[in-house]
Amino acid sequence: MPFSSKLLQMGAAGAGEKLYVEDVFSTYLYSGNSGTQTITNNIDLSTEGGLVWGKMRNSTGNNFLQDTVRGTGQSLTTNNTDGNISVSQYITAFNNNGFTLGTNITVNGSTYTYTSWTFRKAKKFFDVVTYTGNQTNRTISHNLGSVPGFIITKQYSGTGGDWCCYHRSLGASKGIFLNATDAESSSSTFWNATSPTSTEFSLGTATDTNKTGETYVAYLFAHDAGGFGDAGSDSIIKCGSYTGNGSSSGPTIDLGWEPQWLLIKAASDTGNWYILDNMRGIIVGSADPRLFANTSAAEDLSTICSPLATGFQLDTAGAPNANGVTHIYIAIRRGPMKTPTTGTSVFAPYVTNTVAASSSGSTSGSALYRSDFVTDFVIQTRKASITDRYAVSRLTGNQYLLTNSTDAEATSVVPWDSNIAALNFTTDYGQWMFRRAPGFFDVVCYTGTGANRTVTHNLGVVPELIIVRSRSTGKNWGVYAASLGNGSFLNLNTTSASGSTTTLWNSTSPTSSVFTVGTALTTNENTTTYIAYLFASLSGVSKIGTYTGNGSSVTVTTDFQPRFILVKRTDSTGDWIVSDSARGLVAGNDPYLELNTTDAEVTNEDWVDITSTSFTVNQTTNNANVNTATYIYLAIA
């Protein structure tokens with residue numbers, strides 16, 4: 001919900017309004033078309049103001065920065081020292097839900113792909129200020145409403161100058177240049193050796209920040225200031241530092257939340273300014289797509305870091321983890337923070353090929369499926385033929401697991417985009433697309449230790465269904481269901497009834513912040529990598545529960561009309577049966593697939609009927625309603 005400027009000045013808590021990271025920050029990927037196009041990222045720039053920072057991905061191209069204070073006709077480039085570039089066909093309009101692009105190749109050339117990062121002005125997150133230099137010690141007022149953790153200043157008049165940055169970890173007697181690989185510079189003249197406050201920042205006599213008669217823009221980023229979320233006290237941005245250890249098992253940075261955007265720079269030594277985001281991919285244990293603030297180079301791949309539920313860990317022995325080198329970073333929290341109220345905002349089933357430009361700009365040979373949300377997890381399969389069930393997660397990039405197999409993780413052909421999962425098939429493939437969101441669904445990656453332990457998650461509520469799978473070795477899929485208790489388990493890849501053990505979940509029920517694994521190889525083998533999918537019941541969105549069969553018809557109340565139904569018998573053998581509204585949830589026969597087999601879908605059984613508030617399981621040959629048998633289910637609106 002956008003604020004008016006007046007409410008924004010009052011602050012989120014004071015205005016009685018709630019503000020979330022998805023209201024003030026967006027990474028949006030798009031393909032150029034050499035015409036005009038509107039980017040809808042749901043960030044209100046026209047009312048509240050802010051900055052759009054963009055970069056061509058698949059070819060050499062300048063970073064471009066346009067803000068609402070200088071206006072649409074002016075652009076700056078972080079990879080050089082130039083002043084304002086007068087432009088008419090870069091960003092042509094700042095809108096209340098994004099921005100509009102012109103025809104210039106830097107921002108919108110056909111055959112090129114781009115990323116954009118949008119920062120909305122908001123207290124305790126981001127502000128934009130302009131001023132005229134006078135080369136005397138002075139202060140500049142700002143409206144950040146908290147002490148800045150990072151400040152970027154740039155002379156935009158005349159021939160321009162260096163991008164001089166303040167970072168709280170370096171202190172007010174040092175500066176570092178965004179357009180260069182240089183290490184930090186010591187000088188009291190950048191910031192007059194005076195730390196910023198919640199209302200102003202200081203300038204000295206340095207021409208980089210305060211040359212007489214020249215005009216400057218300053219971008220101010222908050223640090224751990226709270227102000228967001230349901231309680232109005234959650235932080236969404238942190239500016240900190242770490243010391244590299246030169247190991248592929250690098251330092252772990254504790255943020256208290258998972259990041260979606262990172263800017264990292266070696267401070268005590270030379271090095272590039274790395275820009276990572278989870279739309280292009282911050283991949284667990286694998287190569288990350290990277291761009292640089294200080295160069296015009298195209299995007300490339302390099303193993304840098306892995307996101308964690310509470311921060312990130314460096315995965316490289318080289319840059320940006322050089323041994324003994326101090327590195328600075330800016331991190332922005334992953335969204336959404338807002339609890340969803342509709343199933344359509346977090347789940348989408350597809351069976352037809354909707355061809356559109358993928359993140360690579362190509363449509364040839366690919367079946368592309370669009371959701372209206374950022375897709376974090378996909379189960380994909382073919383309807384009419386025998387085939388595997390592919391499980392693919394944004395956290396693990398172009399890797400897949402098979403729900404019907406114990407095979408280790410393998411490489412897939414799925415490129416991730418802001419709201420597309422693209423599959424390299426053009427036949428009768430379809431998929432179920434899920435978004436991570438509080439109270440509904442989360443995905444966590446972790447490495448086993450072989451000893452009883454807890455794993456942190458961001459579901460925000462107690463999970464009722466947890467599905468765990470080894471990535472690096474072949475194992476069964478371990479399933480926890482709250483209705484069965486913490487001493488029982490199921491296997492997603494088999495028909496087996498529930499089993500009893502103390503070693504999968506260490507006989508410990510999950511909480512709203514952690515789940516527990518024991519010593520079982522299925523969930524916690526030493527050095528083995530795992531991925532966990534966590535689901536919960538959320539009013540109007542999802543329902544997890546159990547029912548007892550009667551051999552006739554059993555009605556399960558969900559309080560919404562299901563578009564996805566997953567059922568599994570627990571007291572004896574039975575398949576993991578899935579039906580969805582795209583394949584057909586109708587009064588007649590309902591096509592279903594089985595997650596534990598490669599079988600083609602069954603189309604000749606009326607096994608389930610739905611209403612606006614429930615689903616009814618009928619007596620059919622699919623083993624979903626045997627008299628006195630017990631079942632678990634997951635239903636999604």
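Reply: What follows treats the cavities first, and then the sheet and the cores.

This is a predicted model, in which local features need pLDDT of at least 70 and side-chain atom pairs count only at pLDDT 80 or more, while totals for chains, interfaces and linings use all residues. Residues are numbered from 1 along each chain as its sequence is written, and side-chain values use heavy atoms, with hydrogens and water left out.

A search of the whole structure finds six cavities of 30 Å³ or more. A cavity here is a set of points, on a 1 Å grid over the protein atoms alone, where a 1.4 Å probe fits but cannot get out, and its lining residues have an atom within 4 Å of a point; grid points are joined across faces, edges and corners, and the volume is the space filled by probe spheres set on the points.

The largest cavity has a volume of about 120 Å³, and of the 14 residues that line it, Phe377, Ile379, Ile467, Phe535 and Leu595 are the closest to its centre. Its lining comprises 13 nonpolar residues, one polar residue and no charged ones, where Ala, Val, Leu, Ile, Met, Phe, Trp, Tyr, Cys and Pro count as nonpolar, Asp, Glu, Lys and Arg as charged, and the others, Gly among them, as polar. At least two lining residues come from each of β29, β34 (429-434), β42 (529-535) and β45 (564-569), strands being DSSP runs of E with at least two residues, numbered from the N terminus.

The second largest cavity, with a volume of about 90 Å³, has a lining of three nonpolar, two polar and five charged residues. Among the residues that line this second cavity are Glu258, Asp376, Arg334, Arg394 and Arg436.

Two of the strands named for the largest cavity, β29 and β34, also belong to an open sheet of six strands in the order β27-β34-β29-β30-β31-β32, with antiparallel pairing, where two strands pair if DSSP finds at least two bridges between them. Strand β29 (residues 377-382) is joined to β30 (residues 390-393) by four bridges, and Gln380 stands opposite Tyr390 in β30.

As for the cores, the largest nonpolar core has 60 residues, and Phe119, Phe125, Phe150, Tyr219, Trp261 and Trp273 touch the most other members. Such a core is a set of buried Ala, Val, Leu, Ile, Met, Phe, Trp, Tyr and Cys residues joined through side-chain atoms within 4.5 Å, buried meaning under 20% relative accessible area with a 1.4 Å probe and protein chains only. Apart from that core lies another, of 37 residues, with Leu595 among them.

Technical notes: Buried < 20%, exposed > 50% of the residue type's maximum accessible area, 1.4 Å probe, protein only. 1 Å grid on protein atoms, 1.4 Å probe; cavity = no way out; pocket = protein on both sides within 12 Å on 5 of 7 lines; lining within 4 Å.
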